[in-house]
Number of protein chains: 2
Amino acid sequence: MPKLVDHAQRRAEIVDALLRTAADRGLHAVTMQSVALEAGISVRLVQYYFDTKEQLLLAALTRLAARMGERIENRLRSAGDTATPAEIVEAVMLEAIPADAEGRAFHLVYTEYAVLSVTDAALASQPFMAEPDGMEVFLVRQLRAAQQAGDVDPEVDVRREAVALMAMSAGLGLSVLLGQRPADDAFETVRHHLKRLFQSITPDPAAPKSSSSS
Amino acid sequence: MPKLVDHAQRRAEIVDALLRTAADRGLHAVTMQSVALEAGISVRLVQYYFDTKEQLLLAALTRLAARMGERIENRLRSAGDTATPAEIVEAVMLEAIPADAEGRAFHLVYTEYAVLSVTDAALASQPFMAEPDGMEVFLVRQLRAAQQAGDVDPEVDVRREAVALMAMSAGLGLSVLLGQRPADDAFETVRHHLKRLFQSITPDPAAPKSSSSS
DNA sequence: TGCTTTATGGTACAACCATACCATCAAGCG
DNA sequence: CGCTTGATGGTATGGTTGTACCATAAAGCA
């Protein structure tokens with residue numbers, strides 16, 4: 001045998017090339033040739049490591065889903081062990097909003113995959129949308145903990161609230177992606193809304209005005 | 001001359017054929033041939049009425065944006081003249097959630113265009129995203145009116161709240177489109193949230209329990 | 001040392017796509 | 001009545017795409 005290439009790494013490089021091209025020219029611009037060019041290899045090699053284009057696309061999606069998990073975990077880790085439910089919920093919601101170029105690229109490709117999955121059977125059967133369901137129960141747990149800590153009104157329907165929070169962050173993220181509003185605006189909206197939610201039981205007459213934060 | 005065809009109507013038929021194919025096979029499946037087939041005419045005719053594919057896509061987008069306006073106006077009209085700001089806001093938000101097949105088709109294609117516009121220069125320059133901005137000022141007005149009527153806490157930042165409401169309905173609509181949750185669930189979430197917003201000044205101790213949770 | 005296996009390049013091929021070109025039919029105007 | 005003009009069909013064409021096929025260099029094993 002020749003160079004004895006590490007297949008896993010080579011596949012990762014190719015997948016990254018795909019994600020890069022998808023990020024700045026769209027998922028529809030992803031072809032065997034464009035990926036090969038971006039990866040600096042021949043088309044034949046892309047074929048060699050991923051027999052068919054569909055398998056390549058699925059591998060990229062898998063990678064993307066994994067990265068999504070990493071991103072959220074990183075957010076939570078950087079929040080530290082002493083993080084309150086309010087801080088955790090905020091971290092998760094802010095993750096859905098693309099701030100820097102990397103975040104934009106990530107969320108764009110992810111959204112492209114999601115929309116494509118509506119009309120593409122091969123993608124629809126892929127369980128990469130399990131995330132939202134898991135996220136929902138996670139948020140519910142955080143809200144319940146906040147309720148028991150007295151930070152959230154015990155009358156709040158935590159399940160409904162969790163759904164609303166996820167929808168809001170997704171919607172804000174999308175609007176930022178579409179260039180309808182700057183990321184900072186979305187950030188502020190999230191913080192403002194969470195402040196309301198987490199203060200709903202203690203209106204604290206000493207400082208009723210929201211004032212500045214962050 | 002022969003049949004002396006009404007160009008406007010013929011163009012409308014072709015555009016509708018495009019929207020139909022896009023709705024059930026995706027925007028990426030829209031080709032001159034697929035549109036011609038769906039419209040029951042020859043490819044040459046599609047070429048005849050829309051010189052290039054790009055013009056055809058732009059025409060379809062224009063039609064889509066117009067239909068968006070009609071849809072919202074219909075919602076508002078069916079709410080009647082006596083509608084309260086709360087009812088108007090609810091109507092607008094529910095419109096963003098695809099309930100029936102037609103709504104699904106409409107929102108799917110619209111979302112596909114929106115996502116495509118991120119990487120497609122020709123679409124990005126199109127001002128079909130002016131809607132959200134106009135919608136924002138519309139919602140702000142409604143919320144202000146509600147404040148003056150005493151239905152919304154006067155301390156609420158109406159502009160922030162409007163942004164949050166739009167994001168939430170967009171996010172819920174997207175999740176329904178992606179099959180992550182049923183439309184009824186999204187409806188309930190909207191209603192539940194609006195009930196909180198519009199009762200924030202009158203907590204009505206007679207019926208504090210909103211419903212049971214999971 | 002020779003053979004097998006792996007990694008790679010190049011190229012061919014069939015399908016498809018957008019578009020251009022050529023032809024035709026019919027209707028109203030002169 | 002003939003000619004022009006609008007509406008349509010068919011087909012060619014150049015480009016691109018995904019995939020299959022053929023070839024070859026190199027590295028370890030026998």
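Chain B gives 47 residues to the contact and chain A gives 43 residues, contact meaning heavy atoms within 4.5 Å. This is a predicted model in which local features need pLDDT of at least 70 and side-chain atom pairs count only at pLDDT 80 or more, while totals for chains, interfaces and linings use all residues; side-chain values use heavy atoms, without hydrogens and water. Residues are numbered from 1 along each chain as its sequence is written, and chains are lettered from A, with ligands numbered from 1, in the order in which they are written.

Start with the interface between the chains. Chain B and chain A bury about 3,700 Å² between them, with 62% of it on carbon and sulfur atoms. Buried area is the accessible area (1.4 Å probe) that two parts lose on being put together, summed over both. B:Val115, B:Thr119 and B:Arg160 supply 15% of the area that chain B buries against chain A, more than any other three residues.

Charged pairs come next. Six salt bridges are counted between chain B and chain A; each is a side-chain nitrogen of Lys or Arg within 4 Å of a carboxyl oxygen of Asp or Glu. A:Glu136 forms a salt bridge with B:Arg181, and their closest N and O atoms are 3.4 Å apart. On the side of chain B that touches chain A, the elements giving two or more residues include helix H6 (101-119), helix H9 (158-177) and H10. Helices are DSSP runs (H or I, at least four residues), numbered from the N terminus. H9(B) gives the largest share of that side, 12 residues.

Now look at H10 itself. Helix H10 of chain B covers residues 183-198, and its 16 residues should span 22 Å at 1.5 Å a residue; the end C-alpha atoms are 22 Å apart, so the two agree. The expected span is 1.5 Å times one less than the number of residues. Buried residues in H10(B) include B:Phe187, B:His192, B:His193 and B:Phe198, buried meaning under 20% relative accessible area (1.4 Å probe, protein chains only).

Turn to chain A. It is divided into domain 1 (1-51) and domain 2 (63-198), with bounds from an automatic or database domain assignment. Eight residues of domain 1 and nine residues of domain 2 make the contact. The two domains of chain A bury about 680 Å² between them, 70% of it on carbon and sulfur atoms. In domain 1, A:Leu19, A:Ala23 and A:Leu27 lose the most area to domain 2, together 68% of what that side buries. Two salt bridges are counted between these domains.

Key:
Buried means under 20% relative accessible area, exposed over 50%, partly exposed in between (1.4 Å probe, protein chains only).
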